[in-house]
Amino acid sequence: MLKPESRIFVAGHRGLVGSAISRRLRELGHGALLEAGREALDLTDAVAVSDFFEKERPEFVFLAAAKVGGILANSTYPAEFLAQNLRIQDAVITAAMRNGTEKLVFLGSSCIYPRDAVQPITEDQLLAGPLEPTNQWYAIAKIAGIKLVQAYRQQHDFAGIAAMPTNLYGPNDNFDPEGSHVIPGMLRRFHEAKLSGAPSVTVWGSGTPKREFLHVDDLADALVLLMNRYDNSEIINVGTGEDITIAELAQIVAEVTGYAGEIAFDTSKPDGAPRKVLNIDKIRALGWQPKIDFRTGLAETYRWYCDHVD
Ligand SMILES: NC(=O)c1ccc[n+]([C@@H]2O[C@H](COP(=O)([O-])OP(=O)(O)OC[C@H]3O[C@@H](n4cnc5c(N)ncnc54)[C@H](OP(=O)(O)O)[C@@H]3O)[C@@H](O)[C@H]2O)c1
């Protein structure tokens with residue numbers, strides 16, 4: 001159980017997820033946060049990570065550092081997605097286990113479930129079918145991370161758990177056009193179309209696929225709850241359990257950014273899976289549910305983009 005004075009290492013504290021965890025922990029009065037940026041500690045360097053753990057002795061670890069990106073980045077840099085994630089996970093989870101860390105939360109992802117998973121996706125579907133080929137490198141690395149946590153629990157009684165968040169959005173997201181996910185990508189494109197007075201914005205695909213989105217502050221709230229209340233080798237989903245079509249998303253993004261032009265759909269581009277949504281019965285049973293309304297969260301994320309990126 002986290003205490004106000006607990007020594008907590010948030011690995012990846014400048015990223016979308018890590019920064020939200022740090023914010024949440026500070027709000028809750030946890031002052032002893034250990035944060036080391038990439039320049040101070042390269043998490044792929046197992047020796048440096050081991051030294052850091054020996055010196056700092058974190059009692060709790062949120063492992064939110066990873067090489068993350070969209071389809072284009074995954075297919076352009078498969079070796080980095082596989083090798084860097086394997087290294088980061090092995091270095092941090094092993095150092096935590098060896099240096100007396102009381103509990104560690106590892107971040108999996110809904111996108112590592114099988115390509116044809118039955119919807120809504122329950123936790124038992126992990127490894128129940130072939131992966132989506134475009135992000136298989138990242139998926140294999142993440143699955144290895146989950147297995148490492150489970151293996152250390154079985155062999156060394158180490159209290160590591162793995163959470164499976166759905167698609168996230170919020171402040172500190174990556175708005176780089178080359179590497180961004182659907183929400184930051186759309187916010188940027190609609191914002192730029194508004195500024196340039198473009199008559200229409202074209203969205204990839206038919207607009208009919210359905211996707212689930214969770215505000216990263218809701219995720220951070222869930223991860224703190226899991227750190228305090230969940231101690232089991234089984235993975236646990238974190239999402240809203242609700243999905244919207246890409247066309248509905250584009251309409252909301254247009255409204256939030258104030259774009260008044262037309263929204264067109266390029267049906268020559270692939271749609272991907274028709275539906276992707278998590279079953280969240282397990283985390284609901286622990287008393288958690290998302291609180292942030294989608295439109296409100298998106299508007300706040302757009303304000304953050306205007307203030308920090310644009
Ligand atoms: N974003 C999503 O929609 C989503 C959905 C489900 C699960 N997740 C999971 O959540 C976790 C965090 O994702 P995110 O979206 O927050 O990613 P992110 O915004 O890219 O943040 C990742 C963080 O990891 C750090 N990092 C990467 N490699 C490092 C290294 N070698 N040494 C030190 N730091 C390193 C980055 O540092 P720099 O700032 O220096 O680059 C960055 O702060 C990942 O495990 C991801 O799989 C994310």
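Two strands are taken to pair if DSSP finds at least two bridges between them, and helices (H or I, at least four residues) and strands (E, at least two) are DSSP runs numbered from the N terminus. The model is predicted, so local features need pLDDT of at least 70 and side-chain atom pairs count only at pLDDT 80 or more, whereas totals for chains, interfaces and linings use all residues. Residues are numbered from 1 along each chain as its sequence is written.

View A. Between β5 (residues 160-165) and β10 the parallel pairing extends over 3 bridges, and alanine 163 has isoleucine 236 of β10 as its bridge partner.

**View B. The three-stranded mixed sheet.** A further open sheet is formed by 3 strands in the order β11-β8-β13, with mixed pairing. Its edges are β11 (244-245) and β13 (275-276), each with a single partner strand, so that one side of each is left without a neighbour in the sheet.

**View C. The shell around the ligand.** The ligand is surrounded by 23 residues, of which Gly12, Gly15, Val17, Ala65 and Ala66 are the closest; a residue counts as near if its C-beta atom, placed from the backbone, lies within 6 Å of the molecule. Two or more residues of this shell come from each of α1 (16-27) and β6 (167-169), and α1 gives the most, with 3 residues. By class the shell divides into 11 nonpolar, 8 polar and 4 charged residues, where Ala, Val, Leu, Ile, Met, Phe, Trp, Tyr, Cys and Pro count as nonpolar, Asp, Glu, Lys and Arg as charged, and the others, Gly among them, as polar.

**View D. Packing of helices α4 and α5.** The axes of α4 and helix α5 (residues 136-156) come within 8 Å and cross at roughly 15°, which makes α4 roughly parallel to α5 (angles under 35 degrees count as roughly parallel, over 145 as roughly antiparallel, 65 to 115 as roughly perpendicular and the rest as oblique). The crossing is right-handed, a crossing being right-handed if the near helix is turned clockwise from the far one by less than a right angle, and left-handed if anticlockwise. Among the residues that meet are Phe81, Leu82, Ile93 and Met97 in α4 and Trp137, Ile140, Leu148 and Tyr152 in α5. The contact of α4 with α5 has 14 nonpolar, 4 polar and 2 charged residues.

**View E. Packing of helices α6 and α8.** Helix α6 (residues 182-196) and helix α8 (residues 246-257) have axes that come within 9 Å and cross at roughly 50°, so α6 is oblique to α8. α6 passes α8 in a right-handed crossing. Met186, Leu187, Phe190, His191 and Lys194 of α6 make the contact with Leu249, Ala250, Val253, Ala254 and Thr257 of α8, and these residues divide into 7 nonpolar, 2 polar and 1 charged.

**View F. Packing of helices α1 and α7.** α1 and helix α7 (residues 216-229) pack at an angle of about 65°, with their axes 8 Å apart, and α1 passes α7 in a right-handed crossing. Residues including Val17, Ala20, Arg23 and Arg24 in α1 meet residues of α7, among them Val216, Asp217, Asp221 and Val224. The contact of α1 with α7 comprises 10 nonpolar, no polar and 4 charged residues.

**View G. Backbone details in two loops.** A cis peptide bond, with omega about -20°, joins glutamine 119 and proline 120, and proline 120 lies in the loop between β4 and α5. Arginine 57, although not a glycine, has a positive phi of about 45°; arginine 57 lies in the loop between α2 (46-56) and β3.

Note on methods:
Axes are lines fitted to C-alpha atoms, for helices over the stretch in contact, and angles run from 0 to 180 degrees between N-to-C directions. Two residues are in contact if their C-beta atoms, placed from the backbone, lie within 7 Å.
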